[in-house]
Amino acid sequence: MSDQLASQPLLPALGLASVIVLVLSIVVLLYRHRSSKPGAGRKASIFLNGEQAANKEDDRPKVCILFGTQTGTAERFSKQLKSELATRYGEGNRYEVLDMEEFKAEELHKETVVFFMMATYGDGEPTDNAADFYGWLLKASSDVDKGIGNGKLLEGVSFGVFGLGNKQYEHFCAVGKRVHKALVNLGGRALVRRGDGDDDEDIEADFESWRTELYASLDKSDVLAKSTTGEPGVTQIVAAAETVPSYQVEILTGADAAGAEDVSTDAPVSGNGTSKDSPFLARIGVVRELHSPQSDRSCVHIELDVSGSDISYEAGDHVGILPENSSESVERAAAALGYPPETVFRLSVPEGNPQKMAQPFAGGAITLRAALARYADLLSPVSKPALQALTAFADGEDAARLHRLLSPDGAAEYKAWHQQSRCLLEVLEEFPSIKPPLGVFFGSVMQRLQTRFYSISSSPLPHPKSIHVTCAVVLETTATGRVHEGITSYFLKQKAPGARVPVFVRHSSFRLPRDPAAPIVMVGPGTGLAPFRGFLQERAALAAKGTKLAPAYLFFGCRKRAHDYIYREELEAWAADGTITKLFVAFSRDGKTKDYVQHHMARESALIAPVLREGAGAGGHFYVCGDAKHMAKDVARAAVAIVEQANGVSTGQAEAVLKRMSDAGRIQKDVW
Ligand SMILES: Cc1cc2nc3c(=O)[nH]c(=O)nc-3n(C[C@H](O)[C@H](O)[C@H](O)COP(=O)(O)OP(=O)(O)OC[C@H]3O[C@@H](n4cnc5c(N)ncnc54)[C@H](O)[C@@H]3O)c2cc1C
Ligand SMILES: NC(=O)c1ccc[n+]([C@@H]2O[C@H](COP(=O)([O-])OP(=O)(O)OC[C@H]3O[C@@H](n4cnc5c(N)ncnc54)[C@H](OP(=O)(O)O)[C@@H]3O)[C@@H](O)[C@H]2O)c1
Ligand SMILES: Cc1cc2nc3c(=O)[nH]c(=O)nc-3n(C[C@H](O)[C@H](O)[C@H](O)COP(=O)(O)O)c2cc1C
């Protein structure tokens, strides 16, 4: 998404600046209202011009915006912020957006104004691209606490932190919170309160109100040069649809179109599978349904043959899978865009790249079918900037409605509309006059289809070149009534053996203890069983080689013994041969009341308490995997209760014990 395409008529109500924005919006609305002839007088909303200063080498104040992201929201927000700042404060400053991976943490003190867009994942962890920076910052801050660091290191740095998270998770916005605290501890000056964005509610609105406060604070401060053109925020221009950032598109026919990438050809990846930038085309060996025919749900066992790659993995690692949209979604999207799916085209950035667009996802000739299937996120909730870009291409009633939704007066209506999380496909179908050119669609509207991760459910000891996945197949009805078939889980379920899928391995720290004499407790209902199947394969292989193993207790849970007791034969065979010392299975829907793994844990506290004991040579390792939003929290509470009772301590003291164990790597979570 281009930087220019960000903010628009939603700028906060801030004195004269907002009055000007409002007036301009009304002008645009009136103008649009009059020009309802299809294709005529297409005027976009207010576009922000942040590029004028881009090429000047100078000593103007620099604003650095860093993002830690996994699925792209923090990056999108960074670009939006850059665009708005450039518009509000003009050419007197420089503005830079950087992936945290590309930023040298040790040089942070040289910056003057830095904004951090930080997403939280896993168990309150940073994203992969932010991990190094985060580790450095927290260490520097903890050194200050220990009296060995420099509490004035960031004295000249003014900053703002917006955390991205979801309140359903136990550690809500933990990364943003810790980053803010560490920056203050190192002497940095907060320009604005910390922002905590909740994507369970309306993260765009949270971001908007944080920006409102930030601009109010910046307007009063002198850290940035103010626009030379007048009041802050007056550099907005009313732009024509033609100014929405767009790739150049060549439509190819005849011999030029021959050999274009299509869904019938393998995805053009040629990596060794060892990182996200280098996926490997794995061959599907096995696709097997794990639920019985009586079950109304589906969970599939997949085996990925990675022979010929450089992939090596350990039990507990994750595999990333690059999915494709279903042919039905692709056909509908092509129809909504008004092009046949077999259209062959090539994208390129316009000469000189004045709008600083990223290189397109496909450099060569590609069919629209393949571009929509492999690269476009058609089904996730549509973002506001994408909606704003689309609005520039709406006509008549569609245009009037979208402008109302996006105007300050339409905020309540927009909120209700947004809560139904319409996807891009639904928006294109709901507003049929919107027919963006392909260059705009792929350059300014679509978000990239994201990789999905799976906990590997095998061990390399018996399966060095085969990676197993245990995948629950998603089938849900969304708030708009659309039946959502999970993009990746359906993609995998429908694959035939022999098909090839791009994959890579991401290493994790979820590991069996180094010491085989340490007892382990594994808690993993549903697909949370996945990594433990890998652990158990590993234990079985070690035992076969004569290694003496400590006890291993597995707490598994499913709905009904006859429906979704996945891998039953394997688990019971391992329980019989001692690979699992004791197996506990909770069937939540076989009895009158719910029976969950944590209920079994409470009953088996005498067995678990010794594993959760502190002290040299004592205790073992405790693992939990699966649902983060409910199960993992309840299991954590059950563990606290066990320690409380066994040690005769308060809840707070028991929590402290578990925190220390967690810090020591003896409690590990793989939750999503
Ligand atoms: C570290 C990690 C390990 C994991 N391990 C496993 C594992 O071992 N096994 C496993 O099965 N899963 C695992 N997952 C989950 C997995 O990555 C996928 O999230 C899961 O398979 C669903 O992906 P999907 O593409 O099929 O579904 P998606 O299409 O991504 O849908 C996911 C959810 O989003 C909702 N949704 C999508 N679009 C909309 C919309 N427009 N409006 C409202 N709701 C919408 C869907 O209804 C559904 O609930 C893991 C995740 C992580 C992060
Ligand atoms: N983000 C995603 O896209 C995605 C994809 C797949 C799975 N998930 C999450 O991962 C979880 C596992 O999915 P799954 O399909 O493998 O498992 P599942 O079959 O939904 O659940 C496994 C067992 O856990 C039980 N359970 C529900 N709430 C619990 C709680 N608070 N504590 C302990 N046990 C609980 C279930 O019981 P009842 O159902 O009878 O209550 C069921 O018996 C799901 O709950 C889902 O939230 C997320
Ligand atoms: C697997 C998974 C784990 C997550 N864990 C947390 C968490 O521990 N705390 C939290 O506040 N949000 C959590 N989130 C929510 C994300 O932080 C949120 O969706 C955010 O907007 C993602 O930003 P990004 O698109 O820039 O990666 C999690 C989301 C996923 C998919």
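1. In this predicted model, a polar side-chain atom of D634 sits 2.9 Å from a nitrogen atom of ligand 2. Taken alone, ligand 2 exposes 870 Å², and the protein buries 70% of that area. Two elements, β22 (552-558) and α20 (631-647), each give two or more residues to the shell around ligand 2.

2. Oxygen atoms of ligand 2 also have polar partners. A polar side-chain atom of S588 lies 2.7 Å from one oxygen atom of the ligand, and a polar side-chain atom of K594 lies 2.7 Å from an oxygen atom of ligand 2. Both S588 and K594 are listed with T527, R589 and Y596 as the closest of the 18 residues that surround ligand 2.

3. The shell around ligand 2 is made up of 6 nonpolar, 6 polar and 6 charged residues.

4. Ligand 1 has 26 residues around it, of which F453, Y454, E476, H484 and S489 come nearest. For Y454, a polar side-chain atom is 2.6 Å from an oxygen atom of ligand 1. Backbone atoms contribute too: an N or O atom of S455 lies 3.1 Å from a nitrogen atom of the ligand, and an N or O atom of the T470 backbone lies 2.8 Å from a nitrogen atom of ligand 1. Taken alone, ligand 1 exposes 980 Å², of which the protein buries 79%.

5. At least two residues of the shell around ligand 1 come from each of β16 (452-455), β17 (466-472) and α14 (487-493). The element that gives the most is β16, with 4 residues. By class, the shell around ligand 1 divides into 11 nonpolar, 11 polar and 4 charged residues.

Notes: Residues are numbered from 1 along each chain as its sequence is written. Chains are lettered from A and ligands numbered from 1 in the order in which they are written. This is a predicted model: local features need pLDDT of at least 70, side-chain atom pairs count only at pLDDT 80 or more; totals for chains, interfaces and linings use all residues. Side-chain values use heavy atoms; hydrogens and water are left out. A residue is near a molecule or strand if one of its heavy atoms lies within 4 Å of it. A polar contact is a pair of N or O atoms within 3.5 Å; within protein, one must be able to donate a hydrogen and the other to accept it, and residues adjacent in sequence count only if both atoms are side-chain atoms. Accessible areas come from the Shrake-Rupley method with a 1.4 Å probe; for residues, only the protein chains shown count as cover. Ala, Val, Leu, Ile, Met, Phe, Trp, Tyr, Cys and Pro count as nonpolar, Asp, Glu, Lys and Arg as charged, and the others, Gly among them, as polar.
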